[in-house]
Amino acid sequence: MKISAPSDAAGGCAHEDAQPSRRRLILRHLLRAFGTGPALVALVILLLVVLMALFAPLLATADPIAIAPAERLSGSSANHPLGTDAYGRDIYSRVLYGARVSLIVGAGAALVSVAIGLVIGVLAGYFPAVDSVIMRTMDGVMAIPSILLAIALISLTGASLMTVMVAITIPEIPRVVRLVRSVILNVRSEAYVEAAVTLGSPVRRILMRHMVPNTIAPLIVQGTFVFASAILTEATLSFLGAGLPTEIPSWGNIMSEGRSYFQLFPGLVLWPGIALALTLLSVNVLGDVLRDTLDPKMAKRT
Amino acid sequence: MTEPAAPHRNPVIRVRDLSVGLVHGSHRPVVDRVGFEIAPGETVCVVGESGSGKSVTAFSIMGLLQTNALRPTGGEILLGDEDLLRAAPERLRHLRSTRMSMVFQEPMTALNPVEKVGRQIEEVLLLHSRMGPAERRQRTLAMLETVHLPDPERIYESFPHQLSGGQRQRVVICIALILEPDLLIADEPTTALDVTTQQQILTLIREMQERQNTAVLFITHDMGVVADIADRVVVMKDGRVVEVSDKERILRAPTHDYTRMLISSVPSLVPELREPLRTEPVLTVEGLHKTFRKKRFLRPASEVRAVQDVSLTLQRKEILGVVGQSGSGKSTVARCIVGLEEPSAGEIVICGERLDRAGTAARRQMRRRIQMVFQDPYRSLNPRVRIGRSMIEGPTNFGVATEAAMERAGELMALVGLPTSALDRYPHQFSGGQRQRICVARALMLEPAVLVADEAVSALDVSVQEQVLELLDEIREETGVGILFITHDLRVAARICDSIFVMNHGRVVEHGPAEHVLARPEQAYTQKLFEAAPGRHWDFRNFRPIEGNSA
């Protein structure tokens, strides 16, 4: 009758192989999804961009901010594979270094907005008392066009990498909050959450164990979209001249400076533009694949 | 499949050796060489537990299989002389509603929520007849009258959400039968309805059938319904036909073991005589009220009085049933008692201590004495958490060490008849019945004095239902826990409860020992409920009709 009870939860790992856990199943799905087609191409492109950014100092042929008036607006040459801009700076090196700015801004905005949005969203979803206050505030933030808000914030504080990131992150937060709140509201009425309440579980445990894990899949997907839109916003701000100062090369401000010479030297706009477009496309494709894989409705198929 | 003596008239539909398989993967077929036929005016019931392939069979006839998942692999379905499996999609579309039609389980989802029901009925005429607008309208109004809907003009102009569940199902039947098809397929059409409504809908289907001489294929899991309406019965299990026979022969002398098991698992409506319990009360509820208020902008707040003045006492080892139809407030009583809702008024006494007088910390300690088992075993366990972790959540909340709690969890697993290795697995690796056992075990982890079971067996198949009921019966004997058993099913209540409270519109209308309330109901409402219970003239356990039933 009384079989010796397993006293340690870890002892159960032996069963893992026979009956895969949910996590492993998802991982298997992801590997399958990323192993083929557009997702693989997107992954490779993104990897290349990351490598470009990481090894920019090694790959660059010149100092990206060194001005060389003698060589201004030169075409492609051995020293300058993609030519130079109006100040004689090397376009190739500037595009390489621009990848750094884009990835930092994108990743930073995605991580910070998801983290802040998660906390605020959980509060709004679980505590009805603060819900309407939080959500009306979020509505207020969302009512202002994000580019305008970013320009206003930057003009108040002055442009630096930090302020640009803050200015891009703030308008993204309400979207994350709404997403998290809706997930939490849905899960609240699940029987297993009510069961936890009747088992006397403290609020912290109910939130962390039973509710927050449900938000992770949609947040990862939302994160990729924030990532893409942050890169785009940064480029837009720089293009408008409200973004990073020109001594920090970014794809946006390279294009901004190059646009007056576009008819003579289209490469000034084209090269950073291609880099930007490919990166955005890849991130969005990855986001779509992630959504399809992590969405429980899709997962049911197998 | 061997057919019993074929009906003498020409059958409307003949299903022969129908097999349906999954499109992906070559597992065993979902439906395996199924055959039966239905004559005009005849009702054939297909019974079976979930996963037996009864709905897939019906959908194959209608040509409504999801082609990306399921596909017929063999056999034929003859409607008249036409093989439906080989008919072109256009032809099938024409045949549906002119020669065969279907009534679904959930009338709300079967109707378009944003279109008036009159237009939805007319659509059938618009597509399949040459009637003009005025004629269509007239025909629709006449049909609404035929299905006994009051004030057809008003119903014609109503949206589905403005009608009750029973009225919606009448509208769906209207749509199905307005072109007088030869075959009506009804897929669990009364499962989502209350018993009294169910009885009305069954009567209506019977009446329409007699009027139009329709062949009816009725899919159900409820043996009571079978006893009431069937002419012949097809019993299915795991995609195969186990037995086909006349109703009388199936119910009196089933030849197959599975059929015997299925029929004898149906609890009797007549409660067994039970010794009155003389134990101390563990839960007393006095004058419980619950009013839901909804604030509305610039208007007075709306109020719903869900529970009014409910008092009850639950003793140690007692199983107290609360029965009533949907909206009677029985679940709200349960939720107030376990603390998921705050009562508007009234007192709850647990083991002699008043809950409302206790402070927050003491309250939490008292709450652990009341645990709950929920209706849907697929939703009451967190799919991401291993069974073991779910089991020990309660005790660790109250400071029990993980190892000790795990040991206890292993013992309780044995008590509910599951191996201790179950603790290392995830909920999706268990069947519905096993999950409900796990939920019972989890509730027992905190050694409660009161177990509240809210429709705890309603989502389960009859044979599994019987096992869980037996488990609850054992547990109260072994642990002495008092069980508050909420159910809409009088059979289940009769099977397990010592005493019964009948609720209607938030009030208790009758209460007393089970054999008293169920065998000799005093209140008109209880009598009505009892009379509406399907198959009440049949004693399924002993395979014979109940004689001299005075109820």
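How many bridges join strand 14 of chain B to strand 15 of chain B? Two bridges join them, and the strands run antiparallel. Strand 15 spans residues 353-354. Strands here are DSSP runs of E with at least two residues, helices are runs of H or I with at least four, and both are numbered from the N terminus. Two strands pair if DSSP finds at least two bridges between them.

The model is predicted: local features need pLDDT of at least 70, side-chain atom pairs count only at pLDDT 80 or more, and totals for chains, interfaces and linings use all residues. Residues are numbered from 1 along each chain as its sequence is written, while chains are lettered from A and ligands numbered from 1 in the order in which they are written.

In the hairpin of strands 14 and 15 of chain B, two residues lie between the strands. Cys351(B) takes a positive phi there, near 50 degrees. Val349(B) has Arg354(B), in strand 15, as its bridge partner. Strand 14 (residues 345-350) of chain B also pairs with strand 11 (residues 281-296) of chain B. That pairing is antiparallel and covers five bridges. Within it, Leu283(B) is the bridge partner of Ile350(B) in strand 14.

A further element of chain B is an open sheet of six strands. The strand order is 16-17-18-13-19-20, and the pairing is mixed. Strand 16 (370-373) and strand 20 (507-513) of chain B form the edges, each pairing on one side only. From one strand to the next, the twist averages 20 degrees, with axes fitted as lines to C-alpha atoms and angles running from 0 to 180 degrees between N-to-C directions. Strand 17 (residues 450-454) and strand 18 (residues 482-487) of chain B pair in the parallel sense over five bridges. Leu451(B) has Ile483(B), in strand 18, as its bridge partner.

Overall, chain B holds 20 helices and 22 strands. Its radius of gyration, taken over C-alpha atoms, is 26 Å, close to the 24 Å given by the globule rule for 551 residues, so chain B is as compact as a globular protein of that length. The rule is 2.2 Å times the number of residues to the power 0.38. Along the principal axes, the C-alpha atoms of chain B fill a box of roughly 75 × 60 × 50 Å. Buried residues (20 or more other C-beta atoms within 10 Å of their own, with C-beta atoms placed from the backbone) make up 47% of the 551 residues in chain B.

An automatic or database assignment sets the domain bounds. Chain B is divided into domain 1 (1-99 + 212-261) and domain 2 (281-539). Their centres, taken over C-alpha atoms, are 38 Å apart. Eleven residues from domain 1 and six residues from domain 2 of chain B take part in the contact, which requires C-beta atoms within 7 Å. On the domain 1 side, helix 9 (residues 223-229) of chain B gives the largest share, five residues. That side has five nonpolar, three polar and three charged residues. Nonpolar covers Ala, Val, Leu, Ile, Met, Phe, Trp, Tyr, Cys and Pro; charged covers Asp, Glu, Lys and Arg; the others, Gly among them, are polar.

Between the chains, 27 residues of chain A are in contact with 37 residues of chain B. Helix 8 (191-198) and helix 9 (203-211) of chain A each supply at least two residues of the chain A side. Helix 8 of chain A gives the most, with seven residues. By class, the chain A side has 13 nonpolar, nine polar and five charged residues.

Key:
Contact = placed C-beta atoms within 7 Å. Buried ≥ 20, exposed ≤ 12 C-beta atoms within 10 Å, placed from the backbone.
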